[in-house]
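My notes follow in the order of the look-ups.

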Amino acid sequence: GEAQYYLGRIYENRKQYDRAIDWYEEVHVSDYQFDARLRIADMLGLSGQTEEAIEHLDAMLKGSQTNGSLVRIYIAKGELLRMARRYEEAMTVFDTALDIIPDNNDLLYARALVAERLGRIDQLEADLKIILKTEPDNAHALNALGFTLADQTDRFEEAYDYLKRAIEIMPDDPAIIDSLGWVLYRLGRYEEAVEPMERAAELEPVDPIINDHLGDVFWAVGRDIEARFQWNRALSFNPESEEADRIRRK
């Protein structure tokens, strides 16, 4: 079972998803079987077979017994729908899960990410603040809340406070460093934003959002040629179509 599972992982890393599924389906050892079944859903989703993946996860839900396994299945299903941009359906999945397992922090975080895509900032803020009540040092929750407030509201000072706390907890996380640079940019502190943005891009050089943000900061400080370079670099990493259109307009 262990060998079959890791053969599936090898083919998954090679992006040979059909071969990966074949090996995952062979896994019948309890220590690996549950994770193998979850990965089958991932492979189906990556292959564009979203409906088949949902059916597979629904079948797992019918046989699942523990809260821990339920959480993992619901998160997999919601994330599958989020990646397919079926945000309302993803929200319904997480609402259902939280009715069954209230105040689960993993489910709340996943629902908050979907709420952001739907523009429901009040929902995102409520869910993340519930997490922070029990996990005040949850850097990912602090980052998600701070970045969203900086990006989609004018509550920049509040966002800065959340992100300063996050960076103290995880000082080398490129996403958090990017968020801190972004809130400095939104505050008009352009020169201060350059260093964290450059560091984020060094740590995560192929992230289109980070490269796009670095381009914006360069443009704000008059480094026009470098800004254009970063925007073109961001486009080379195949961002989502809406993001790509926005970068091209710039």
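This is a predicted model: local features need pLDDT of at least 70, side-chain atom pairs count only at pLDDT 80 or more; totals for chains, interfaces and linings use all residues.

**Entry 1: salt bridges**

I searched the whole structure and got 24 salt bridges. I then went through some of them one by one.

I looked up Asp35 and found it paired with Arg72, with 2.8 Å between the closest N and O atoms. I checked the accessibility of Arg72: at 40% relative accessibility, Arg72 counts as partly exposed.

Next I took Arg86, which forms a salt bridge with Glu51, again with the closest N and O atoms 2.8 Å apart. Arg86 is in the loop between α5 and α6 (87-100) and Glu51 is in helix α4 (residues 50-63), so the pair ties together parts that are 35 residues apart in sequence. Both partners count as partly exposed, Arg86 at 22% relative accessibility and Glu51 at 41%.

I also looked at Glu226 and Arg223, a salt bridge whose closest N and O atoms are 2.8 Å apart. Glu226 has 34% relative accessibility and counts as partly exposed. Arg223, at 27%, is partly exposed too. Elsewhere I found a network: Asp212, Asp216, Glu243, Arg246 and Lys250 are joined by salt bridges that share partners.

**Entry 2: largest pocket**

I turned to the pockets. The largest pocket holds about 1300 Å³ of space. I count 35 residues in its lining, and those closest to its centre are Arg82, Glu116, Arg117, Phe147 and Ile209.

Which helix gives the most to the lining of the largest pocket? I find that α9 does, with 7 residues. The helices that each supply at least two lining residues are α5, α7 (105-117), α9 (139-152), α11 (174-186), α13 (208-220) and α15 (241-249). By class I get 14 nonpolar, 7 polar and 14 charged residues in the lining of the largest pocket.

**Entry 3: second largest pocket**

The second largest pocket has a volume of about 220 Å³. Its lining includes Asp42, Gly45, Leu46, Glu79 and Met83. Helices α3 and α5 each supply at least two residues of this lining, and α5 gives the most, with 4. I sorted the lining of the second largest pocket by class and got 5 nonpolar, 3 polar and 2 charged residues.

Terms used. Residues are numbered from 1 along each chain as its sequence is written. Side-chain values use heavy atoms; hydrogens and water are left out. A salt bridge is a side-chain nitrogen of Lys or Arg within 4 Å of a carboxyl oxygen of Asp or Glu. Buried means under 20% relative accessible area, exposed over 50%, partly exposed in between (1.4 Å probe, protein chains only). On a 1 Å grid over the protein atoms alone, a cavity is a set of points where a 1.4 Å probe fits but cannot get out, and a pocket is an open set with protein on both sides within 12 Å along at least five of seven lines; lining residues have an atom within 4 Å of a point. Grid points are joined across faces, edges and corners, and a volume is the space filled by probe spheres set on the points. Ala, Val, Leu, Ile, Met, Phe, Trp, Tyr, Cys and Pro count as nonpolar, Asp, Glu, Lys and Arg as charged, and the others, Gly among them, as polar.
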